[in-house]
Amino acid sequence: MQTRKKYIFLTFLASWLLLFFFGGDQLRRFTFFSGRKAETRRNWPRWTDRSLLKSFVDPEELQSDGDPSLLSPRERRAAWLSVYKNSRCRMETCFDFSRCEKNGFKVFTYPREKDQPLSESYSKILTSIERSHYYTPNPEEACLFILSIDTLDRDHLSSQYVHNVDEKIRGFPLWNGGRNHLIFNLYSGTWPNYTEDLGFDIGQAILAKASFYTENFRPGFDISIPLFSKDHPQHGGERGWLYQDSIPPKKKYLLVFKGKRYLTGIGSGTRNALHHIHNGKDIVSLTTCKHGKDWEKHKDTRCDKDNVDYEKFDYQELLHNSTFCIVPRGRRLGSFRFLEALQAACIPVLLSDGWELPFAEAIDWGKAAVVGNERLLLQIPSAVRCIHPEQVLTFQQQTQFLWDAYFSSIDKIVHTTLEIIKDRLLPHRSRSRFLWNSLPGGLLALPDFSTHLGDFPFYYLQRGSSPSEKFTAFIRATSPAGSLSQSILRLIQAISGSQYCAQILVLWSCEKPPPPSGKWPQTTVPLTIIQGRGKLSDRFFPYAAIQTDAVLSLDEHTSLSTSEVDFAFVVWRSFPERIVGFPSQSHFWDPEQRRWGYTSKWTNELSIVLTAAAFYHRYYHSLFTEYLPAGLRELVDGLAACEDILMNVLVAAVTKLPPIKVTQRKQHKETMPQQVKGTAGAVGGRRFSQQQDCLNQLVDWFGYMPLVSSQLRLDPVLFKDQVSVLRKKYPRLEK
């Protein structure tokens, strides 16, 4: 019993001791310890104690109440509510889906008023929509509406600020409280707070905005877009700076920044601290306070030295020769530097807390950028040094893909915005993040065609699969006689003899009706006649009858043997994303005429394979018809042989690869119908001139020359080698 009492007493005593030593700070809060509080409590060294803690700023600066230009949380909330009165808007609550059911995703832009000035950038945005396949001039067909009032710059100190927007939009009969409207904005707020106040009530409109703050962003409704300059190209755009085999394994600089710093006001904290990571060797961080009218009145002790160092380095040289580029916030969260770094393959290191990154709903920025924290600036150098070289190259490649796919032109920025909204309308048919973040990108992977990766020509390698083992022959018949010529009969017999042919489709584009079924040759594969509309673009319409992945496009006067067809199809299955065929042509730059030239002469280079005898994936029919605007298809219908060039330009723009020419017999040539042989010279000259015009008009529309030249021709193994014919798989090709 005594032993038990002793153990109880020792346990009780130990508990009190533990409570006293480990919970002393809590016990001191009680009144019992209040008298001894000043004696026993010892704070952690004060952050103004220079002898204990290294300080990077003046103590007086830290002890102040903060920048007077910064808003309190209550003021920030009030400013937000003044803009986003419908802050709970979602697609389900603030968007009328029924407007999009009948005519699909069509966009209407308000008529431009003569007395209403437009900035260059907003004019480009409207032009991008009006020249796209989304546009409709009929508001009754529209699913989405775009204002003709310039809302890009809502800084009321700007010369491009439009006054009385509220009054103007309330007078529009289509406004409907902003429902089904999309508003673009690049700049909001003004000095000194730069809030997101647009100066008018957006109602239930979707906001596509640069420098979007995450607290104000309405997920699944608003869209964050990049900040771009007025010089950003309308279409096309410059290529990225990362070329194959053109970069050294290790660049001169690891991390760079060169730009303004602000002495006071919002955004000054981050840029004022950037000089701490500068070592003058592999990390170059340069700032200048020499900007604005009154910079000398506010300059600090560092300004003069910073300005001298700033002039020692060229900004473009730093971009070209650095692996990482710091992208700090400016007065607003976004900056032009973001797109500049992407184009230069300089991995962006983002220092802009609270920034909703552009198109983050679709783009995985974790594969292309380093998202830092403004408060942890000093950890950035060590963090980027830890990234493995292989991962660095992966990041750089992704920056180039994203730049080219979504940011290199205003057309692509606007179209990406619209496609994200379109995906929200039918979530079950929307693109996956894989499609958005893999070549060739979300804009070129049409969900109306399919959402299954295996149906596209670009993903066979990633999936470890192959296209189907059969092809559909698609013959375009244009004989003015309306009867079956000997050439089309021979062609049908040769094609039907291929072991890989699944079916033959004949597009009848003649004025007279097609012959009855008894007049057509008997074949071992199904033969179907499709009545055309007499347009050249009909041959690339996505006909439901085409069930195979591969399409063999043919003209009725093309001459091919079964061996040629078999070999070309085997080659195409190894390159399903390209055009593989026989007759080839090339383009060149004519310095005297200062335009692109087009030649059919046999040379060592080729960039076009005519679709008079070529294999390609059936998906390109959908791209040709649904992705390209109606204006381009009208151009094709008005110029001879322009459809060949447009299809080659489209495939090259998508894949960034040249077509592939395969072996053809020596006597193979494009034959002409008897009716035009007598006037071959005049017709050929006019045809050639139209082809040149077509090529140059396509370049103007795309904004650059997409065609890629090649010197490759693929022949069968042992082709024309002095060995036994029995050892050759395609001996007839040599006859």
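Let me start with contacts. Take the contacts in the chain with a separation of 6 or more: 74% of them join residues 24 or more positions apart. Keep in mind that this is a predicted model. The chain has 735 residues, and buried residues make up 50% of them. On secondary structure, there are 25 helices and 23 strands.

Now the cores. The largest nonpolar core has 87 residues. Three residues have the most contacts inside it: Phe-184, Trp-365 and Phe-407. Helix H16 gives the most to this core, with seven residues.

Look at Trp-365 in detail. Set aside its neighbours within four places in sequence. Trp-365 is then in contact with Phe-338, Leu-342, Leu-357, Pro-358, Ala-360, Leu-402 and Phe-407. Phe-407 is also on the list of residues with the most contacts inside the core.

Next, helix H15, residues 389-407. H15 has 19 residues. From first C-alpha to last, H15 reaches 26 Å, close to the 27 Å expected at 1.5 Å a residue. Which residues of H15 are buried? They are Val-392, Phe-395, Gln-396, Gln-398, Thr-399, Gln-400, Phe-401, Leu-402, Trp-403, Ala-405, Tyr-406 and Phe-407. What covers them? The cover includes three strands, S10 (322-328), S11 (347-351) and S12 (370-371). It also includes three helices, H13 (337-343), H16 (410-425) and H17 (433-436).

Asn-437 is found in the loop between H17 and helix H18 (460-463). Is Asn-437 buried or exposed? The cut-off for buried is under 20% relative accessible area. Asn-437 has 6% relative accessibility, so it counts as buried. Not counting residues up to four places away in sequence, Asn-437 touches Ala-362, Ile-363, Asp-364, Gln-398 and Phe-401. Gln-398 and Phe-401 are also among the buried residues of H15.

The loop between H17 and H18 also holds Pro-440. A cis peptide bond joins Leu-439 and Pro-440, with omega at about 0°. For context, most peptide bonds are trans, and most residues other than glycine have a negative phi.

First, Ala-345. Phi of Ala-345 is near 60°. Ala-345 sits in the loop between H13 and S11. Ala-345 is buried, with a relative accessible area of 1%.

Second, Lys-656. Phi of Lys-656 is positive too, about 60°, although Lys-656 is not a glycine. Lys-656 lies in the loop between H23 and strand S22 (660-662). At 40% relative accessibility, Lys-656 counts as partly exposed.

Last, a helix pair. Helix H22 is residues 630-638 and helix H23 is residues 642-655. Their axes come within 7 Å and cross at roughly 140°. From H22, the contact uses Leu-632, Leu-635 and Val-636. From H23, it uses Cys-642, Glu-643 and Leu-646. What is the split by residue type in this contact? Five are nonpolar, none is polar and one is charged.

That is the tour. Questions are welcome.

Methods: Residues are numbered from 1 along each chain as its sequence is written. This is a predicted model: local features need pLDDT of at least 70, side-chain atom pairs count only at pLDDT 80 or more; totals for chains, interfaces and linings use all residues. Side-chain values use heavy atoms; hydrogens and water are left out. Helices (H or I, at least four residues) and strands (E, at least two) are DSSP runs, numbered from the N terminus. The expected span of a helix is 1.5 Å times one less than its number of residues. Buried means under 20% relative accessible area, exposed over 50%, partly exposed in between (1.4 Å probe, protein chains only). Contact means heavy atoms within 4.5 Å. Axes are lines fitted to C-alpha atoms, for helices over the stretch in contact, and angles run from 0 to 180 degrees between N-to-C directions. Ala, Val, Leu, Ile, Met, Phe, Trp, Tyr, Cys and Pro count as nonpolar, Asp, Glu, Lys and Arg as charged, and the others, Gly among them, as polar. A nonpolar core is a set of buried Ala, Val, Leu, Ile, Met, Phe, Trp, Tyr and Cys residues joined through side-chain atoms within 4.5 Å.
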